[in-house]
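Subject: Structure for your review

Hello,

Please find the structure below, followed by notes on what was found in it.

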Amino acid sequence: GPMATPSRSPARSPTRRAAQSPAAGRREASPQQLAERVKELEVAEKEAKKLQTKELKQRQRELADAKKKLAKELQAATRLIQKGEREAKSLTTKADQVDKQEEQTKAKAA
C-alpha cells in the first residue's frame, strides 16, 4: 500500500490515485484516516500559533527594551540641559556680583 513506500508521502499518494480511479480515492479516505489528518492539522495549527505567540512576545520585549533605552537617553539629555541651565544661572549671578563690585569701586573712587 502507500505506507510501504517511504519515498512517497501518504498525504499525497491518495490524491494521485483519486485522479486515476474514483473508487480508489474513496477507499483511501476512510473516516479513521480523515480523523488522523484532522489531528495532524490541529497539531500543526497549535504549533503555528505557539510560534506566532513566541515571535509576538519577542517583539514586545524588543519594543519594551527600546522604550526603556529611549527613556534613559531622554533622562540623560534632560539632566544635561538642567546642568547647563544651572551653570548659566551661576555665571549670570557671578557676572552680576562683579558688576556690583565695579560700581561700588567706581563710587568709592569718585
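A salt bridge here is a side-chain nitrogen of Lys or Arg within 4 Å of a carboxyl oxygen of Asp or Glu. By that criterion E47 and K50 are bridged through their side chains, at 3.7 Å from N to O.

Before the rest, some notes on the source. This is a predicted model, in which local features need pLDDT of at least 70 and side-chain atom pairs count only at pLDDT 80 or more, while totals for chains, interfaces and linings use all residues. Residues are numbered from 1 along each chain as its sequence is written, and side-chain values use heavy atoms, with hydrogens and water left out.

Overall fold

The chain has three helices and zero strands, giving the pattern α-α-α along the sequence. Helices (H or I, at least four residues) and strands (E, at least two) are DSSP runs, numbered from the N terminus. Helix 3 covers residues 31–109.

The accessible surface of the chain is about 10300 Å², with 57% of it belonging to carbon and sulfur atoms; areas come from the Shrake-Rupley method with a 1.4 Å probe. Of the 110 residues, 5% are buried. Buried means under 20% relative accessible area, exposed over 50%, and partly exposed in between (1.4 Å probe, protein chains only).

Salt bridges

The structure holds three salt bridges.

- E47 and K50: these residues are three apart in helix 3, so about one helical turn separates them. E47 is partly exposed, at 45% relative accessible area, whereas K50 is exposed, at 55%.
- E40 and R37: the side chains meet at 3.0 Å, N to O. Here too the spacing is three residues in helix 3, about one helical turn. E40 is partly exposed at 45% relative accessibility, and R37 is partly exposed at 40%.
- E45 and K49: the closest N and O atoms are 3.9 Å apart. Both residues lie in helix 3, four residues apart, which is about one turn of the helix. E45 is partly exposed at 45%, as is K49 at 48%.

Surface charge

D96, D99, E102 and E103 form a patch of negative charge on the surface. Patch members have over 30% relative accessible area and no salt bridge, with like charges joined within 9 Å. Asp and Glu count as negative, and Lys and Arg as positive; His and the chain ends are not counted. The place of a charge is CG of Asp, CD of Glu, NZ of Lys or CZ of Arg. E102 lies in helix 3 and is partly exposed, at 45% relative accessibility.

Regards

Methods:
Patches are made of residues with over 30% relative accessible area and no salt bridge: like charges are joined within 9 Å, nonpolar side chains (Val, Leu, Ile, Met, Phe, Trp, Tyr) within 5 Å.
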